[in-house]
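Subject: Structure handover

Hi there,

Here is the structure I promised to send over. My notes on the pocket and the salt bridges follow below it.

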Amino acid sequence: MGRITQRVDPESIADDLERRGRAAVAFVVEGRIEALPAKVIRRDDLYVGLDPSALPAGIAFDRATLILDDGSFWFDLRAVNLRGSMLPADHPPDDPSAPDGLAWFVFRAERETAWYYGRLREESEQ
């Protein structure tokens, strides 16, 4: 008998979460973890839009976590967790749904994990 898991391939749910879910970016400022709501758009790159008035002065997003999540009930809960860094984007994403007035960054993921409780399954032991 294997282990029961809720883990899924991040790509299998990321597109749907970008369109319908919530997004937030967490980062460290002066030893404290801060989090901001975000708008996420994927084109050739993964763009993250943040309210510029909420950004701490001089912040360098060399370590950031991006969470995309959705669901209100246990079997609906699903999320993608991306860890990496963000660099200021040269331009906003070429997308009509990109809101004006946001500070845009390109997210460079170094590690990705995802879970979806509606897809619980047994994972074979190896």
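A pocket here is an open set of points on a 1 Å grid over the protein atoms alone, where a 1.4 Å probe fits, with protein on both sides within 12 Å along at least five of seven lines; lining residues have an atom within 4 Å of a point. This is a predicted model, with local features needing pLDDT of at least 70 and side-chain atom pairs pLDDT 80 or more, while totals for linings use all residues. Residues are numbered from 1 along each chain, and side-chain values use heavy atoms, without hydrogens and water.

The lining of the largest pocket includes A26, F27, V28, D62, R63, E110 and R111.

D69 pairs with R22 at 3.0 Å, N to O. Because D69 sits in strand 6 and R22 in strand 2, this pair ties together parts 47 residues apart in sequence. D69 is partly exposed, at 24% relative accessibility (buried is under 20%, exposed over 50%, partly exposed in between, with a 1.4 Å probe and protein chains only). R22 is also partly exposed, at 44%.

D70 and R78 form another salt bridge, with their closest N and O atoms 2.9 Å apart. Here D70 is buried at 13%, and R78 is buried at 7%. Finally, E30, R32 and E34 are linked in a salt-bridge network.

Best wishes

Notes: Salt bridge = Lys/Arg side-chain N within 4 Å of Asp/Glu carboxyl O. Helix = DSSP H or I, 4+ residues; strand = E, 2+ residues; numbered from the N terminus.
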